[in-house]
Amino acid sequence: MEKSPAPEKSSSFARNDSKEIKDVEASPDSPAVDTSPDALQGPASEENEAVEESNAEEPDLTLPQVWDEIDVFLGRNSDSPCDDGESKTDSDPVEIPRAVELLSKNVESMIDKYAMDAGKSKFGHDPEEDSCFFGSVSRLSKLADKIGDLKPSDENANVLCSSSLNRTSSVLQRAMSFLEEELRAILDEDSKTGSDDSDPKSAKARQSSSFNNYGHDSDRCILPDPEPASTEEEFPCFMSETISIMSKIADTMISAGYETECRVLWMIMRRKAFKSELSKGGLDVLSIDDVQRMQWDSLEREISTWIAAVKRCCTILLPGEGALSESVFLGQPEIGQVLFGDLQRSVSIRLLDFAEAVVLTNRSAEKLFKFLDMYETLQDLIAAVDGAKRYSDDPRKEEVRAEMVVVKGRIGEAAVSIFCQLESSIKSDSGRVPVPSGAVHPLTRYTMNYLEYACEYKDTLEQVFQQHHERAIVETSDSEPMYNMDSPSAKTSPFSVQLMTVMDLLDANLEMKSKLYKDQSLRYIFLMNNGRYIVQKIKGSSKIHQLMGDTWCRRRSSDLRQYHKNYQRETWYRLLQFLNHEGLQVKGKVSKPVLKERFKCFNSMFDDIHKTQSTWVVNDEQLQSELRVSISAVVTPAYRSFLGRFNQFLDPGRQSEKYIKYQPEDIESLIDELFDGNP
């Protein structure tokens, strides 16, 4: 648009007010200044009345013409050479164009018009009108600076400049207050969008483990139910038009010298929005004392909620917030970077405070898995911070990352300490009452289930043990590690060494408990039951099997075979002595009394064994089957052979029925009833 020529100067320090302002229509392509009497009403002073009288001779100015005059005035530099090549001095005339007052009235008129809009958002309804408003306010802020820099030597001119400066500054301040409230309204309206009226507590999913005690009958871990699959969540974002409006507001406020007000308002509202988003997920603000007083069930739910909140911040909220700051403060990237860094630090500190409070709680075995979940969550969060390229040079990013690393280390150290306490738990379990029927001991179930679940975190545990195992060993163990990691043949990690140490302690404890049984046969059944349970657990978990190794499994299988042999020797080999052919013949003939005694003793002992061992328990079906088959393979053929050879020496009838109580098939059937746990 071609600029209008500057109005003719009337006199020094006088406004160009010699012409009357009249109501004329603006050109169709240019917005017109509101020149109604109310809109153009100035301060009630004699000076303004004089201006109005002299303005009666001047033609009206359209808004573009007002802008042109303002731009020409702003372009004049008191330190630049005049047209004649000489520099201006304080004695040169100071002219404040009438467009200055017209611009102030225009801004006031537009603010009043916006205020009449009943809607929450004032901008966005008429983009052309919005553009005129921001353009006028931008020039108004420059005018305030320009007039403030003028230093006229004449007293009248000084009064005129002061009056114009006060007028311009007053309107500018009103405009800034209006923009600040509008920005607040936009941000506050967004924080209410998509709010959930449901109880935040309903968003917390309880995840409990089966390790509060080891007295249960379950033979496997009770893992938390998997979280239901959810649709991909998006950042609660603004529309592009709204972002453009906020960007214009921010640019205008910052250019006008209201950067502090803009930044403070932005931080207050975005923190409020973040708090609202976290509250929707059920995350409460808890103090250290609150966490310390919580029962584990309640704290476990809070940890689950915290993990979900951190993941949501990591994947959705913080990246979205960074993009929003970048878009709104596109013209001032440094300011956007600082604001996002401050917000990220504020949110991170709140999340890290909870994690540190959890670390300070009393440590117990059931807390291990939630601690490891928190460790992995912080690990993911640190990786996300490292991968964020938008503000890679922001020093606040390094501060936040450093704090995350410290808290993650404390959680890792606590996890190692908790796991190493398993040694103490095994050592302290010195019960003097044997488990009935030689069943799997609760300590065995607890320990193996615990290890099986722990090995689901194999990679994480290996990492934390690599970093913290030396301190944990010093704090929790009174003896040297049972495996020498400095040995040239050692190829295991600190975690696998700790795992083997636990297994050796468990073996020693079970060996001690087996000696509580007075019946040696039952002692070996107990050792077989527990040994088989351990081996099956290890073979059933690829991760724990990988840590323990094939050599360890072969050694344990060899131990089981030896227990099996010892059991047969203590029970069935003694029974087979009655089926021995030696000693039955006297002077070349079978002695009937001796034969009768053999059958009688065999029947009595077999009855006792069946009565006793049918109450014993072998839960592992394969082991139970192996035992029955091996017993039958030893006893049945021997009995069949003995019966077939010597039953002819007993008189048929009552005598035969009295001493031959069982047929071979009966023996097999009764053997198949052993180890069922039936009284």
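**Reading the fold**

Guide: Of the contacts in the protein with a separation of 6 or more, 82% are between residues 24 or more positions apart; contact means heavy atoms within 4.5 Å. This is a predicted model, in which local features need pLDDT of at least 70 and side-chain atom pairs count only at pLDDT 80 or more, while totals for chains, interfaces and linings use all residues. Residues are numbered from 1 along each chain as its sequence is written, and side-chain values use heavy atoms, with hydrogens and water left out.

Visitor: How many helices and strands does the protein have?

Guide: Helices (H or I, at least four residues) and strands (E, at least two) are DSSP runs, numbered from the N terminus. Here there are 21 helices and 2 strands.

Visitor: What percentage of the residues is buried?

Guide: Buried means under 20% relative accessible area, exposed over 50%, and partly exposed in between, with a 1.4 Å probe and protein chains only. Of the 679 residues in the protein, 47% are buried.

Visitor: Which residues have the most contacts inside the largest nonpolar core?

Guide: A nonpolar core is a set of buried Ala, Val, Leu, Ile, Met, Phe, Trp, Tyr and Cys residues joined through side-chain atoms within 4.5 Å. The largest has 180 residues, and Phe133, Met246, Trp306 and Tyr567 have the most contacts inside it. Helix H9 (residues 296–328) gives the most to this core, with 14 residues.

Visitor: What does phenylalanine 133 contact, leaving aside its neighbours within four places in sequence?

Guide: Its partners include Val107, Met110, Tyr114 and Phe123. Phenylalanine 133 counts as buried because its relative accessible area is 0%.

Visitor: How many aromatic pairs are found in the whole structure?

Guide: Rings of Phe, Tyr and Trp (its six-membered ring) pair if their centres lie within 6.5 Å; planes under 30 degrees apart count as stacked, over 60 as edge-to-face and the rest as tilted. The search finds 28 aromatic pairs. One of them, phenylalanine 123 with phenylalanine 133, is tilted, at 5.8 Å centre to centre and 40° between the planes. Phenylalanine 123 lies in the loop between helix H3 (99–115) and helix H4 (127–149), and phenylalanine 133 in helix H4.
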